[in-house]
Amino acid sequence: MDLPLSVTASRDLLSLNEVLFHLARAAAGAGAPVGICEEFAATASWLAFIRMDPARAALPALDALAGGQSSGDLVIREGRIACREGRMVSAIFAGPVIMDRLSMEPAEPVTLQVDEVDVPLLLAGAAAASGLGHARLVMHAGAGTVIDVAGGKVAVKGGATCDRAAVTIMANAPGAAVPDCAPLHVIDEGRKAALEHGIAVDSTAWSGILAYYYKTLVPSTERSRSAGAGPADGT
Amino acid sequence: MTAAEDVPQLRPPGEVMRLERMGASFPTRLSFMRQLVRRMIRERWRFERMRLDLDHNGTGVTLHAVHGRHRTYTLVGFSGSIDPRERTDRVIANVWDTTFSLFDGVPGAADIERLEANTPRQEAGRFRASELVLARANRSGRIFDHVVDSLAGGRQPCRDLLRDVGYLMRTTAVYGSGKFGCADRGRIAGREELRGPFQAELLAVYLIRWMSVDLVNHMARQRSGLKAAELSEDLARTLGIGNATGLGMAPFLVKHPLLINNWVMARENALLRVRKVERATPDTIAEFRELLDDARRHVAAWAVDDPEQSARISRLGDDLARLDTWCDDGLDGERPFDALWRLASRRFSLEGQEMVVALLLEHQGTLIDGLCESMSSGGLPALKAAMPLGDLINLIDDNYGWALAIDHAAPESRQRFWYYSQEKLEPRVGDRYTEPGADLEMAVAIGRDVAMLRAGLLDHDPRISVADFLVTAPEWRSTVRRVQHLAHLPYAEIRDNLLAADRRPVDILRFKLAFFGANGFDPKSDLWTRVTMYQGAPLPADITGGTEPQWIFPCP
């Protein structure tokens, strides 16, 4: 699937809080538990700070999880994260696992292999959130996108297109550093821009996310209507 | 009494964070409205009525600006008058008398045009980061027309009626923090004047109060010209802004445990500091007794329909009478406020005890106002992935005894479930055994979840890490993270079962509204309450003039 660095012409402008709120609940609508949903929302929103569209990255992950193509029933053995059921690894679930692994040894070299994952790009946000010194994500598909995350900066090489792919994550490899190549994204600047101007998301993808969110809402009934604030007494 | 018992201590969380006591909370000088008003006075904020473009029915556009030390904020109002039968406090309403946006700066013509197309639509509109708050309000069916008619007739409205109602308009929603495209909290949290909790939202409400007084004066003038009277400053000061609050505040408290801990910790530290005061000067005693008189008048005028709350108010009046008698000589000894507190905690009702907290804090600004700086917070830090499960179990045992003591299997312990309705996302409470939707319940059952987590952990090797555990049990991630980070924050958790059939959600609402600074709690059921905000607060002219009358216990 194509995941462009910039959003499409048909776009909605949202606040960061709206993106976080709806992504978390959309993940619940796709079947993820609450703690996973919160991490997913944070890591997907992180893509906005490097000028990518969080909605276009999040929707296929939600679709894959809800449709059963990917799963969160994971197992980790000798640095390899795989799905127990032979399905694709769900990035929604794998993100927190990676975050935990990397945060346990924030200064040590660690290599993690992830079997075919539905939306590998989402793992970059998880690596960034782990607070380690440096991480490189290599996506083993197409042109082989490489993402370096370090010191609050992110470099993306090999184009921003990435389909489902196996991923290698190398944290704190000896001699690793953020390469001095364009485009180099500074997270704090991206975050500031998101807060000042909002986050642009593809309208169609956002509608898809809202569809998952709506699944978490309970249909209204006459009885449930009575459980809220205030009658129409006009006083 | 032993020597250890004689030293004032923080109140234990098992006492403070129970719903019954939370539902007896009163505003204090640390409350957020009070913080805002003190800042406005200290910094001599200036108020500017920039536009009052209204017809005789009060339909039109208003701009009310306030110039702070560094920035200007403008309340943009779109005013009209709806059919009284359509005036509902519910979130699910679709029309309102007046809608508002709090604009960051002074809006230009294009901004106003854009807001005119969106603000009246409220949740259906779209907003930008230049808008900090979205709100709406309805006119009081009981006094709005009476006030306009009186002023148009050249006379002041009935003081008793104004006192009974307490407001000209009642807000039914005040949205901030990025809702519907408005500015994220992160955009404004670094500003000195908005750093404290809910300062932007409460600034908007303060400006709505000012606008509501302008509205009645303007409508009266439109009708009667020079013959119209202007609402006296004395009466205007007695009017606040009404508010109806439902269940939405409850999940907020559960979701923001660090914030709640910081609010309560500030208040409890303030109480402790006051209790440690060695002696009260004659002036301090006189000030305290004067405030106590105001509190007694305030309570005497506090009338509600709810029989349970009425009984509590009656008991509160008795407590304050007893306190008044005690004060004849009780404040003369060592640690007088500690002695007073000990009297209250032994003899008074919960309402009486919590009002004593407000009384004790009120005149101790020098001692406690600095604590306001500690009342904000960020979110929960990241999970501590390397923690062994044995350590996690110990944290639960040390800090969640209240949760483990609940019989979560009993049907009545899990009777309620909280959910968001499809209807305008209104938070609601349902009966698990008779209503659909329990499979979509909100994650507010912290006690139940912690107890279930602990039971599940016993099946695992206590030496394995939390990270390993969560690979195969991701459903516990949120609870694990919560337990890890709240272990040393005593006031972070509501130590009660929110699912239990006999718990009153309205207690949570009162707790939060008291921290906001709201008064006049008027519970309409177990699920919602009315309150008044800024009643008795200084008017814009008072603020610019640098004066703050006593208004913690308004007694019009």
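Colleague: In which sense do strand β2 and β3 of chain B pair, and over how many bridges?

Modeller: Please bear in mind that this is a predicted model. β2(B) covers residues 60-67, and β3(B) covers residues 72-79. The two strands form a hairpin with 4 residues between them. Their pairing is antiparallel, over 8 bridges.

Colleague: Which residue of β3(B) is the bridge partner of B:A65?

Modeller: One position in this pairing is given by B:H67, which stands opposite B:T72 in β3(B). For B:A65, the bridge partner in β3(B) is B:T74.

Colleague: With which strand does β3(B) pair in the antiparallel sense over 7 bridges?

Modeller: In general, strands of a sheet pair through backbone hydrogen bonds, either parallel or antiparallel. Here B:F78 stands opposite B:T99 in β4(B). The strand that pairs with β3(B) over 7 bridges, in the antiparallel sense, is β4(B), residues 98-104.

Colleague: Why is β3(B) described as largely enclosed by the rest of the structure?

Modeller: A residue counts as buried if 20 or more other C-beta atoms lie within 10 Å of its own. β3(B) is largely enclosed by the rest of the structure because its buried residues number 7 of the 8.

Colleague: To which sheet do these strands belong, and which strands are its edges?

Modeller: β2, β3 and β4 of chain B are among the strands of an open sheet of 9 strands with mixed pairing, in the order β1-β2-β3-β4-β5-β6-β7-β11-β10. From one strand to the next, the twist averages 25°. An edge strand pairs on one side only, and the edges are β1 (46-54) and β10 (519-523) of chain B.

Colleague: Turning to chain A, how many helices and strands does its secondary structure have?

Modeller: Chain A has 235 residues, of which 54% count as buried. Among its contacts with a separation of 6 or more, 72% are between residues 24 or more positions apart. Its secondary structure comes to 8 helices and 12 strands.

Colleague: Are α1(A) and α2(A) parallel or oblique to each other?

Modeller: Helix α1 (residues 16-29) of chain A packs with α2(A) at an angle of about 135°, and their axes are 8 Å apart. Angles over 145 degrees would count as roughly antiparallel. The crossing of α1(A) past α2(A) is right-handed. The two helices α1(A) and α2(A) are therefore oblique.

Colleague: Which residues of α1(A) make this contact with α2(A)?

Modeller: On the side of α2(A), the residues include A:F40, A:A41 and A:A44. By class, the contact has 15 nonpolar, 1 polar and 1 charged residues. From α1(A), the residues are A:L16, A:V19, A:L20, A:L23, A:A24, A:A27 and A:A28.

Colleague: How many residues does each chain give to the contact between chain A and chain B?

Modeller: Among the elements that give two or more residues on the side of chain B are β7 (240-245), α21 (466-472) and α22 (477-486). The residues on that side divide into 22 nonpolar, 14 polar and 16 charged. The contact takes 41 residues from chain A and 52 residues from chain B.

Technical notes:
Residues are numbered from 1 along each chain as its sequence is written. Chains are lettered from A and ligands numbered from 1 in the order in which they are written. This is a predicted model: local features need pLDDT of at least 70, side-chain atom pairs count only at pLDDT 80 or more; totals for chains, interfaces and linings use all residues. Two residues are in contact if their C-beta atoms, placed from the backbone, lie within 7 Å. Ala, Val, Leu, Ile, Met, Phe, Trp, Tyr, Cys and Pro count as nonpolar, Asp, Glu, Lys and Arg as charged, and the others, Gly among them, as polar. A residue is buried if 20 or more other C-beta atoms lie within 10 Å of its own, exposed if 12 or fewer, and partly exposed in between; C-beta atoms are placed from the backbone. Two strands pair if DSSP finds at least two bridges between them. Axes are lines fitted to C-alpha atoms, for helices over the stretch in contact, and angles run from 0 to 180 degrees between N-to-C directions. Angles under 35 degrees count as roughly parallel, over 145 as roughly antiparallel, 65 to 115 as roughly perpendicular and the rest as oblique. A crossing is left-handed if the near helix is turned anticlockwise from the far one by less than a right angle, and right-handed if clockwise.
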